[in-house]
Structures are given as structure tokens and as C-alpha cells.
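Dear colleague,

I am passing on the structure we spoke about, with a short account of what was found in it. Please read the notes below alongside the model.

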Amino acid sequence: MKTNLKYLIAFFSLFIIVACDNDDDNNDVMMEDRNIVEMAQDTPELSNLVSALILADSGTDSNLVSTLSGNGPFTVFAPTNQAFVDLLTQLDGFNSLSDFDTEEGKAMLTTILQYHVVAGAAVTSDQLSDNQEVTTVQGETVMVDLSNGVRLEDATENAATVTTADIEASNGVIHIIDKILLPQAIVDMLNAQTLVEIVVGNDSLSILEAAVIKTNLVETLNSEGPFTVFAPTNDAFVALLDVLGDDYNSLDDFDTADEIELLKNILLYHVVPTEIYAADLSETSVETAFAGNNLKVVASGDTFVIQDATGGNSNIVAADVLASNGVAHVIDRVLLPN
């Protein structure tokens, strides 16, 4: 009887193990039953991507949602919500995805989204090789860089990093990335404006625009460059005027030749005669267009601030605003030279 009981226990143990294995298999099947769009819909940090896909399709001939719900296979490089936020800070006139609701905006959005899709293959991370060129649905390629994790190089100076790889779907694979990939077609479109034109088109930089005109720097900042401009907001100029006291209530109070020259030198102190992108920032000192005066780049937590000759720090509130003759970073404080 004890022998039979021992066999009976062994049989039930085996039954439980097999049942558990079957449950695991069923869970895997359920995961793989979801297509790429459904997987994105079920991933909170990809909600902006889902919204972008729907917007790009609305009222147009684009059919990204239905395509990515189809048989595939596809590889999708899926930007996070923060990646979309970062892109919007770089685009003049685009404060949210809803600003892409024009015909031109939807076409631009469709081009960007197609650049994140590879058709005909579900490429997992272990199938990628260093310096591999991957052709996207948009027609241009992204370059794979495996020197530090998995990074994807687009037509800009800043690579995207794969933060979560190999999310399997029924019709392909998703790799989550931390930056919107931009093809050359979009970069050319964005770069059509000079730095001055970008400043003129931004309401929050209207005082900077007036200062550039007052000091006759328009031609300089419209020239070939390349330049990096740290562009103070209107609030930054208002704060500076408050510090200067009752004699300076507006730019109109810079009315003598010496004062206009002073204002010009302050503006030139915000210009670096080379391109510096956010990804290139490191603790260093950079020479400005105001001869003999440098700015310091200082680490602050997980980011960097710009320090002037007074030791005051300015935060970058919008990075990598691309122009035809350089790049601008919007800052929250006017930088002061010696």
C-alpha cells in the first residue's frame, strides 16, 4: 500500500508539472497573438507613438495602423513618450502632436514614422551587426552602432539608444528607443531656416530678436556659420533688466553707442562659432564669438548647465533646435561676460 501511495504521489506531481508547463505555453501564445499596434497600445510609454500613428492616418492616404496590424513581418523602432516631447521642443510651431493636424504636418509625421519601420523581416538585437545599414520603409537607412549598447544613427548628429529590445509581436518585433529618428528629408526641411529665422518665428524669443536687430547682428547670424546659439527667453531678459535697475526698463534704454556695443557683446557671448549638440556636452570651456571670453559647461546631476563669467548657471530648457547654419539651445538666463 505504501508503494502504491508513493507511485500515486509521483503521478500527481508529474501531472502538476505538465499542467504548469502548459500554462506557461498558453501565456506565451497570448503574448504572441498581439500584433505590433496592439503591443504598442498596451505599453504606456508608447502612447504618444500610438497617437502619432492614428493622427498620421486621419484624413490621408496613409495606412500605417492597418499596415502594422497586418501580416508583416516588421521591425519597429518605437520612440518613447519622452522622445516625442524632446522632438517637439526642437520644432518651431509644434507644441504638441495635435499641431501636426495640417496636411503638411501629417505628411511630415508620416515620413518620420515610416523611418522607424523595417518591412519584410523581424530583426532581433542579436541579428544586428556594428555599422550595419538598415533600410526603412521611408527609403533611407539607419546605421547600427554597437560600440556602447545598441544605438541607431539617423541623419542628425544624435544617435538613439535602444532601451528595451526584442519585444515580440505576432507580426514582428519592437525595439523601444529614447529618441525620434529623423531622416535626411526631414532634416533638410527643418534646416531650411537660419538661426535668425528660428528666433523670429518663436514668440518666447521676441526680446532676443529685438536685441539682434538693434545691435546689427542679423547679417552675422544669417551667414553660413556654423554657429551654436544659446538663446535666452523673454523671461530671462526681463530678469536681467530687473537686476540692472531703474535705468534699464527695456531694450530702448540701451540708447548710447557704448550701451549698444555692450548689448552686442552680451549677445556675441551667447554665440559659439561651431556646432555643439546636447549629446556633445561635457565639462569643458568653450570660446565664444565675443573674443577673449569663454563659457563653461558644468555637470549638474544627469545633465549640464552653462556657466558665465559671473559664476551664474543657465539651464537649457529646449535643446538642439536645428537650423541651416547651426543649432540653438533655449536657455533660462542671460549669460554675462567679463
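This is a predicted model: local features need pLDDT of at least 70, side-chain atom pairs count only at pLDDT 80 or more; totals for chains, interfaces and linings use all residues.

Helix α11 itself spans residues 234-244, and its buried residues are Asn 234, Ala 236, Phe 237, Leu 240 and Leu 241. These lie on the same side of α11, because the arc they cover around the axis is only 160 degrees. On the other side of the helix, Asp 235, Asp 242 and Val 243 are exposed.

Turning to the strands, seven of them form an open sheet of mixed pairing, in the order β2-β1-β7-β6-β5-β4-β3. Its edges are β2 (117-119) and β3 (133-135), each of which pairs on one side only, and the twist from one strand to the next averages 30 degrees. Within this order, β5 (residues 151-153) and β6 (residues 160-169) pair in the antiparallel sense over two bridges, with Leu 152 standing opposite Ala 160 in β6.

A further antiparallel pair is made by β10 (residues 284-287) and β11 (residues 294-300), which are joined over four bridges; Val 286 has Leu 295 of β11 as its bridge partner. These two strands, β10 and β11, form a hairpin with six residues between them, and in the turn Gly 292 has a positive phi of about 80 degrees.

Definitions and conventions
Residues are numbered from 1 along each chain as its sequence is written. Side-chain values use heavy atoms; hydrogens and water are left out. Two strands pair if DSSP finds at least two bridges between them. Axes are lines fitted to C-alpha atoms, for helices over the stretch in contact, and angles run from 0 to 180 degrees between N-to-C directions. Buried means under 20% relative accessible area, exposed over 50%, partly exposed in between (1.4 Å probe, protein chains only). The arc is that of the directions from the helix axis to the C-beta atoms.
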